[in-house]
Amino acid sequence: FPHLSIVPSSSSSSTPQITYIKFLSITMKLIAAATLLLASSASAFVPASSPFGVATCLNAKHVMNKAAKKANHNRPRKSRPSDINRKPVVYPSFEKPSEYSISDAPAAPVAKKAE
């Protein structure tokens, strides 16, 4: 420490040691005070505890509807009589064609088309 001079004086040899001890006691008091101040300010950021654990409230102010729920909420309503009494659409029957047909004919080689 540059501001302290621990040079033994000719009058007494215990004076520099007393000065250094006073300096250490003041420094330790400052460190203890700073630690207490830090600990007391850090407790402000810890959530309050309750008998059932940590009491944190995470309720959203405006709940967001997710995709299907929002689509159902925003769908058009059947308010007119023509909409309310509408019958479902009847589509003509459709038979799916088979993808493969089994034949008894021998296999014919397939030639690449000429361009």
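1. The mean pLDDT of the protein chain, where pLDDT is the predictor's confidence in each residue, from 0 to 100, is 77, and 70% of the residues reach 70 or more. This is a predicted model, in which local features need pLDDT of at least 70 and side-chain atom pairs count only at pLDDT 80 or more, while totals for chains, interfaces and linings use all residues. Residues are numbered from 1 along each chain as its sequence is written, and side-chain values use heavy atoms, with hydrogens and water left out.

2. The chain holds three helices and two strands (DSSP runs, H or I of at least four residues for helices and E of at least two for strands, numbered from the N terminus), in the order α-β-β-α-α from the N terminus. Confidence is highest in helix H3 (residues 81–84), at a mean of 92, and lowest in strand S2 (residues 53–54), at 60. Where pLDDT is low, the predicted coordinates should not be read in detail.

3. Of the 115 residues in the protein chain, 3% are buried (under 20% relative accessible area, with exposed meaning over 50% and partly exposed in between, for a 1.4 Å probe and protein chains only).

4. Two salt bridges are counted (a side-chain nitrogen of Lys or Arg within 4 Å of a carboxyl oxygen of Asp or Glu), and a network of such bridges links Arg80, Asp83 and Arg86. Asp83 pairs with Arg80 at 3.2 Å, N to O, and with Arg86 at 2.5 Å between the closest N and O atoms. Asp83 is buried at 12% relative accessible area, whereas Arg80 is partly exposed at 49% and Arg86 is exposed at 56%.
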